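Work through the exercises below with the sequence and the model at hand. Each task is followed by a worked solution.

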Amino acid sequence: MNKVLRFTASWCLPCKSLARRLESINTQTEIEVIDIDEQDQKVIEYNIRSIPTLVFLKDGKETKRMLGARHSQDELEEWLND
């Protein structure tokens, strides 16, 4: 099963922009939202250094990650459904 961890924060404007774009993508991949201010153990576990960060998990193991919010809608959709 594929899953994406979306590392974000309520004060992060690029994170909000990315969230809006992700909401409009049709995907079977589950997206779990992780607020870095509330779930610091996950931040440490996945070595998150900046937000927004997307971590793609396949069968529970990280296979790729995407940093920042400067990706096109098409790039996001391809990344999620790859």
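**Exercise 1.** Locate Thr63 and decide whether it is buried, partly exposed or exposed.

Solution. Thr63 lies in strand β4, residues 61–67 (strands are DSSP E runs of at least two residues, helices H or I runs of at least four, both numbered from the N terminus). The model is predicted, so local features need pLDDT of at least 70 and side-chain atom pairs pLDDT 80 or more, while totals for chains, interfaces and linings use all residues. Residues are numbered from 1 along each chain as its sequence is written, and side-chain values use heavy atoms, without hydrogens and water. Next, take the accessibility: Thr63 is partly exposed because its relative value is 49% (buried is under 20%, exposed over 50%, partly exposed in between, with a 1.4 Å probe and protein chains only). Finally, beyond neighbours within four places in sequence, Thr63 contacts Phe56 and Lys58 (heavy atoms within 4.5 Å).

**Exercise 2.** Find which residues of α1 are buried and which are exposed.

Solution. The buried ones are Cys15, Leu18, Ala19, Arg21 and Leu22. They span an arc of only 165° around the axis, so they sit on the same side of α1 (the arc is taken from directions between helix axis and C-beta atoms). Leu13, Arg20 and Glu23 are exposed on the other side. The cover over the buried residues includes β1 (2–8), β3 (53–58) and α3.

**Exercise 3.** Name the residues that form the contact between α1 and α3.

Solution. The axes of α1 (residues 13–23) and α3 (residues 73–81) come within 10 Å and cross at roughly 65°. From α1, the contact uses Leu18, Arg21 and Leu22; from α3, Gln73, Leu76 and Leu80.

Note on methods. Axes fitted to C-alpha atoms, helices over the stretch in contact; angles between N-to-C directions.
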